[in-house]
Amino acid sequence: MKSAYALLRKMRQGFAAALAVTALAACSSVPGHAPVASQDAHPNGESLSLTALYQTDTYEARGVPPTRWLSDGSGYTILEQAEQGSGHDLVRYHPRTQQRTVLISAKELTPEGANAPLDIADYHWSNAGDKLLIFTNTKRSWRTHTLGDYWVFDLQQRELTQLGTFADPSTLQFAKFDPAAERVAYVMQNNIYVERLRDGKITQLTHDGSDTIVNGTFDWVNEEEFFLRDGFRWSPDGTEIAYWQLDTSGTPIFTMINNTDALYPTLKTFPYPKVGETNAAMRIGVIPADGGDTTWMKVPGDPRQHYLVRMQWAGNSEQLFIQQLTRSQAVNRAFLANADTGNVAEVIRETTESWAEYVDDVTFLADGESFTWLSERSGYRHIYRVDRDSGRLTAITRGNWDVVEVLQINEAQGWVYFIASPETPLERYLFRASLDGSSKLERLTPAQAGTHSYQLSADADYAVHTYSSVTQMPQVDMISLPDHRRIRMIKNNAEAQTAFNELARGSFEFFQVTAQDGLELDGFLMKPVNFDPNKDYPILFYVYGEPWGQTVSNSWGGERFLWHTYLTQQGYIVASIDNRGTKSPRGFDWRRSIYKNLGVVTVRDQHDALQAMLDRWSFIDEDRVGIWGHSGGGSQTLNALFRYPEAYDVGLALAPVPDLTLYDTIYQERYSGLLPEAAERYRETSAITHAENLQGDLLLVHGTGDDNVHFQGTERLVNELIKHGKQFEFFAYPNRTHGIREGEGTTLHLRTMMTDFLREHLPAGAR
């Protein structure tokens with residue numbers, strides 16, 4: 001079919017070359033969509049090998065150890081290699097002078113009788129900065145390392161003390177000082193404990209924790225999809241603790257088998273609600289910090305048909321602020337709850353026909369008379385100030401652009417600091433706006449194209465600033481604000497950057513193409529080294545395509561970008577398109593347009609982009625088109641191959657969700673609807689439904705230990721492909737989880753397999 005259109009397309013390309021809009025045309029959905037600079041080719045550099053990429057640290061951009069600002073403004077602290085011996089010293093830098101002071105030496109961080117200092121995974125200061133809470137010896141609970149041991153270092157007494165010595169190693173979670181730093185609360189085996197620091201007295205607050213009753217933490221699905229992990233909060237006066245309790249009885253149990261680590265297989269079981277199944281019941285209570293009965297908040301609605309997604313103290317020790325989503329997630333209701341009686345009153349509501357967003361970091365102002373809120377009700381995500389009593393909203397930010405992230409509400413200064421990029425969704429910058437609603441807006445990041453993130457000091461006079469771009473590895477420096485002046489470079493990754501700069505590279509450019517309904521889509525294109533525009537080259541698309549990822553951005557792409565760079569050295573064009581629905585700051589309609597249409601509209605955009613690119617650029621070989629992706633990108637890869645078999649010759653699908661009914665309730669029901677009414681949409685949007693259409697070459701890869709996207713779905717797809725007589729290549733990584741990273745040599749093995757598959761089925765080089 002392709003060859004029948006080849007001559008016609010070549011003729012169209014001649015006209016398109018003269019009439020095409022520039023690659024950086026204005027975007028209709030984001031007014032003022034500014035161009036992003038392309039990167040010139042560097043054809044005469046060094047060759048990159050997979051061995052050098054995956055078995056050395058030559059190109060590894062390292063981050064910095066945990067960095068914390070001290071609340072008194074005296075500086076920030078960071079872990080640095082000890083001046084003597086092993087381990088790390090905890091060092092303070094003065095924000096203005098950058099005077100360096102070792103606050104706690106590695107020797108002092110060595111427990112009595114131990115041969116080495118604590119290996120610090122994270123740490124937190126008390127409010128007064130006189131005590132340090134240390135997290136170490138960590139291990140995974142579900143998908144993140146929230147289990148471990150906790151120690152306290154007292155800077156006045158110069159003493160290091162372990163907490164929870166009655167517990168087994170690596171079983172404590174979420175330890176937190178009370179406001180006065182006299183006690184620490186933590187979770188152990190689904191119960192909450194409080195330990196007094198002066199004498200080590202331990203009070204167990206909850207006693208009903210079990211395999212099904214979860215206090216102060218969460219089950220798998222809430223941790224993964226709502227980022228709910230730490231499940232309790234000290235009251236501002238330190239007298240009470242508010243906490244979540246989950247009842248997972250009734251939630252179906254998922255079982256995973258481990259065939260490799262023992263003589264006989266072992267099983268791992270945990271509650272995992274798939275689409276349409278029973279969720280855990282959630283409730284929130286308040287308990288005295290010295291023990292006693294829990295007062296449960298009387299939030300309305302069936303606790304198994306609603307989610308309590310956020311909870312915090314409402315600027316005082318009398319009330320809680322609780323956000324509740326319906327199971328469909330179309331409605332987010334926020335309540336004020338009386339901590340003594342449990343009575344609640346609704347204060348604000350967000351209602352959509354798709355899904356509503358919950359709000360992180362609500363800040364109460366003017367002694368609790370108002371609070372900050374994020375809403376998309378204008379068509380874009382903006383910051384509002386809400387009157388607590390009347391619910392009246394005052395806009396703090398306005399315009400046809402999105403607030404990406406709120407960093408700090410500084411009531412004393414009258415500013416809110418946030419990340420946004422009004423001119424292009426491909427970048428990120430620091431702004432501040434006046435809290436009084438006067439629409440005063442300042443961009444603090446200088447004109448340095450790329451992606452900027454910040455960790456602000458308490459007074460917002462200083463920040464730890466991280467910057468990267470497509471060809472710039474992350475740099476971390478300390479700056480002053482609002483002038484954004486660099487005071488000290490903390491990490492520049494100079495050696496790795498130099499190594500990358502010396503690599504042979506083709507040109508890189510951002511561009512836009514138009515979907516069939518006129519919507520502009522962002523993309524990037526990486527040309528081969530020694531590119532000849534008069535020849536044809538194979539093209540490989542990288543896709544994610546779902547609401548939790550943006551693949552086209554002016555930021556450092558890490559290992560994946562380096563592998564793509566390697567492919568360009570082999571003679572491939574590499575490209576990516578952000579279809580509608582991706583996590584790009586392009587407004588409410590952009591993000592919600594894929595509701596109940598994942599796998600349909602998403603890959604239609606991908607296919608539209610491919611056709612537009614073939615019309616624009618004659619050097620793309622339409623008979624050598626590949627696509628690959630991981631997780632949601634694996635799902636979209638399958639959909640592209642199955643729905644547009646005439647367009648895509650090769651697909652590499654890693655850890656996909658071929659049948660959407662097999663994924664968890666929170667994520668999939670948010671974007672695909674509830675059963676049974678959405679049953680037809682689940683069938684139509686699942687790749688497995690269209691597997692019989694496969695014509696191209698497929699590599700299917702999954703880890704058998706994937707507790708997120710279960711191996712089960714890939715096995716079902718394998719059976720469906722077999723049923724229809726479709727040949728494909730399949731590789732299962734034993735006991736690897738969703739990232740397919742565990743085990744020595746795994747990443748090198750995976751990328752080598754992918755590279756070899758491309759070489760065989762999508763031959764590289766110019767023709």
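Which residue of β43 stands opposite glycine 703? In this predicted model, in which residues are numbered from 1 along each chain as its sequence is written, local features need pLDDT of at least 70, side-chain atom pairs count only at pLDDT 80 or more, and totals for chains, interfaces and linings use all residues. Side-chain values use heavy atoms, with hydrogens and water left out.

The residue opposite glycine 703 is tyrosine 733 in β43. Helices (H or I, at least four residues) and strands (E, at least two) are DSSP runs, numbered from the N terminus. Two strands are taken to pair if DSSP finds at least two bridges between them. Strand β42 (residues 697-703) has 6 of its 7 residues buried, so β42 is largely enclosed by the rest of the structure. Here buried means under 20% relative accessible area, exposed means over 50%, and partly exposed lies in between (1.4 Å probe, protein chains only). Strand β41 (residues 650-654) runs parallel to β42 and is joined to it by 5 bridges, with glycine 651 opposite leucine 698. Strand β43 (residues 729-733) also pairs with β42 in the parallel sense, over 5 bridges. Together with helix α11 (residues 711-723), β42 and β43 make a right-handed β-α-β unit. A crossover is right-handed if, with the strands pointing away from the viewer, the path from the first strand over the helix to the second runs clockwise.

Strand β5 (residues 120-125) is joined to strand β6 (residues 131-139) by 5 bridges in an antiparallel arrangement, and isoleucine 120 stands opposite threonine 136. The hairpin of β5 and β6 has 5 residues between the strands, and glycine 129 takes a positive phi near 75° in this hairpin.

A nonpolar core is defined as a set of buried Ala, Val, Leu, Ile, Met, Phe, Trp, Tyr and Cys residues joined through side-chain atoms within 4.5 Å. The largest such core has 48 residues, of which Phe226, Trp244, Met282, Ile284, Met297, Leu320 and Ile322 touch the most other members. At least two residues of this core are supplied by each of α3 (220-225), β15 (240-247), β16 (253-258), β18 (281-288), β20 (306-313), β21 (319-326), β22 (331-338) and α9 (665-672). The most is given by β20, with 5 residues. Contact denotes heavy atoms within 4.5 Å. When residues up to four places away in sequence are not counted, leucine 320 touches Ala242, Ile284, Val286, Met297, Met311, Gln312, Trp313, Ala314, Phe335, Leu336 and Ala337. A second, separate core of 43 residues includes Val470, Trp628, Val701 and Met754.

Aspartate 605 is located in helix α7 (residues 601-616). This aspartate is buried, with a relative accessible area of 0%. Its contacts, leaving aside neighbours within four places in sequence, are Ala515, Leu521, Asn579 and Arg580.

The second largest pocket has a volume of about 1100 Å³. Among the 38 residues lining this pocket, Arg143, Tyr544, His630, Ser631 and His738 are the closest to its centre. Two or more lining residues come from each of α3, α5 (558-570), β40 (620-630), α9 and α12 (746-761). On a 1 Å grid over the protein atoms alone, a pocket is an open set of points with protein on both sides within 12 Å along at least five of seven lines, and lining residues have an atom within 4 Å of a point. Grid points are joined across faces, edges and corners, and a volume is the space filled by probe spheres set on the points.

The peptide bond from leucine 481 to proline 482 is cis, with omega near 10°, and proline 482 lies in the loop between β34 (475-480) and β35 (485-491). Another cis peptide bond, with omega near 5°, runs from leucine 675 to proline 676, the latter in the loop between α9 and α10 (679-685). Aspartate 367, a residue other than glycine, has a positive phi near 55°. It is placed in the loop between β24 (364-365) and β25 (370-375) and is exposed, with a relative accessible area of 79%. Asparagine 530, likewise not a glycine, has a positive phi of about 60°. This asparagine lies in the loop between β37 (520-526) and β38 (537-542) and counts as exposed at 57% relative accessibility.

Terms used:
On a 1 Å grid over the protein atoms alone, a cavity is a set of points where a 1.4 Å probe fits but cannot get out, and a pocket is an open set with protein on both sides within 12 Å along at least five of seven lines; lining residues have an atom within 4 Å of a point.
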